Amino acid sequence: MTAPIPRDIPDLPTVPGVPVLMPSAVPATAVVTPVRRPLTAVYRLLVALVAVSAVTVDLLLGSPIRVLSHFTIQSSLFLAAVLTLSARRAWTARRPLPSAVTGGALLYVVISALVYHLLLTHTSPPFSLTGGTTAPTGWQWLTNQLLHTAVPAAAVLDWLLLTPPDRLHLRQAAPWLLYPLTYLAFSFIRGELILPGTRGRYLYPFLDVDLHGYKGVLGNALLLGLAFYALAVLLVALDHARPNPVRRRTKTGFRL
């Protein structure tokens, strides 16, 4: 036999304090309609195609292993891969790639351009390392201009005109230098594996151990590393100071 249900149920005591709602992260795609950017996608694909085409010509003109050992070639291929993925995301209205990846790709091609134009194309480089190298001609001259001038300039324009600001961060500047540091170690290892006196044992005059010794090369690398870090910090500062080139009114899922 069960007990009878009471007619009057007493009120429960109130909970002391004001209830606090727990924060919940809502993705932007839940309230903002994704926007496709086909023109941005086409531009990035064209830049990536130019970079890959110039690298392909260099591979056909010279030794593939030697060509692929250049910092410019590696950074250009990395940029082409990043731009291709970024183009796909812009075409399909997906979230952009992490800024650590896109910022690193931009920094490396800018480094390649500045080193080429400030050090390698002059008979008296600012650091007074070595004399000038033989000026390239024909197809090699064209690929040099594309990889050291046109492609970096196009990457900078993509950053300035097609990318929202405030995405780069100062904490990313130091990790970006891991690749140049790794390339320095690669240059040393490559030089040790090639017989002394072989032409092209060291691909860059400021990294030539035969001419400057390890102490001199490490000194040059330190100066360049400080300059690269300053360049990375400058890119971050400009990214936070520049206006938003892709600002547009977006419709949300809420109606007032």
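At what angle do helix α4 and helix α8 pack, and how far apart are their axes? Helix α4 (residues 99-120) and helix α8 (residues 209-241) pack at an angle of about 130 degrees, with 11 Å between their axes. Keep in mind that this is a predicted model, where local features need pLDDT of at least 70, side-chain atom pairs count only at pLDDT 80 or more, and totals for chains, interfaces and linings use all residues. Residues are numbered from 1 along each chain as its sequence is written, and side-chain values use heavy atoms, with hydrogens and water left out.

**The overall picture**

- The protein chain has eight helices and zero strands; here helices (H or I, at least four residues) and strands (E, at least two) are DSSP runs, numbered from the N terminus.
- Read from the N terminus, the elements go α-α-α-α-α-α-α-α.
- Of the chain's 256 residues, 37% count as buried; buried means under 20% relative accessible area, exposed means over 50%, and partly exposed is in between, using a 1.4 Å probe and protein chains only.
- Take the contacts (heavy atoms within 4.5 Å) between residues at least 6 apart in sequence: 76% of them join residues at least 24 apart.

- Two packed helices are described by the angle between their axes and the distance between the axes.
- The axes are lines fitted to C-alpha atoms, for helices over the stretch in contact, and the angles run from 0 to 180 degrees between N-to-C directions.
- Helix α4 packs against helix α8 at about 130 degrees.
- That angle makes α4 oblique to α8; under 35 degrees would count as roughly parallel, over 145 as roughly antiparallel, 65 to 115 as roughly perpendicular, and the rest as oblique.
- On the α4 side, the contact is made by Leu-106, Leu-107, Val-110, Ile-111, Leu-114, Val-115 and Leu-119, and on the α8 side by Leu-224, Phe-228, Leu-231, Ala-232 and Leu-235.
- Sorted by class, that contact has twelve nonpolar, no polar and no charged residues; Ala, Val, Leu, Ile, Met, Phe, Trp, Tyr, Cys and Pro count as nonpolar, Asp, Glu, Lys and Arg as charged, and the others, Gly among them, as polar.

**How α1 meets α5**

- Helix α1 (residues 38-61) and helix α5 (residues 138-162) cross at roughly 160 degrees, and their axes come within 10 Å.
- That makes α1 roughly antiparallel to α5.
- This crossing of α1 and α5 is left-handed.
- The contact includes Thr-40, Tyr-43 and Arg-44 from α1, and Trp-139, Gln-140 and Leu-162 from α5.
- By class, the residues where α1 touches α5 split into 15 nonpolar, three polar and three charged.
- Thr-40, found in helix α1, is buried, with a relative accessible area of 6%.
- Not counting residues up to four places away in sequence, Thr-40 touches Ala-90 and Leu-162.

**The nonpolar cores**

- A nonpolar core is a set of buried Ala, Val, Leu, Ile, Met, Phe, Trp, Tyr and Cys residues joined through side-chain atoms within 4.5 Å.
- The largest one has 45 residues, and Leu-107, Tyr-204 and Phe-206 have the most contacts inside it.
- Helices α1, α3 (71-91), α4, α5, α6 (173-176), α7 (178-193) and α8 each supply at least two residues of this core.
- Helix α4 gives the most to this core, with eleven residues.
- Apart from it lies another core, of five residues, among them Ala-54, Val-55, Ile-73 and Leu-147.

**Residues worth a look**

- Ser-76 sits in helix α3 and is buried, with 1% relative accessible area.
- From C-alpha to C-alpha, Ser-76 and Leu-147 are 7.0 Å apart in space, yet 71 residues apart in sequence.
- Leaving out residues up to four places away in sequence, Ser-76 touches Ala-51, Val-55, Val-109 and Leu-147.
- Most residues other than glycine have a negative phi.
- Asp-166, in the loop between α5 and α6, has a positive phi of about 65 degrees although it is not a glycine.
- His-240 is in helix α8 and, setting aside neighbours within four places in sequence, is in contact with Asp-166 and Leu-168.

Definitions and conventions:
A crossing is left-handed if the near helix is turned anticlockwise from the far one by less than a right angle, and right-handed if clockwise.
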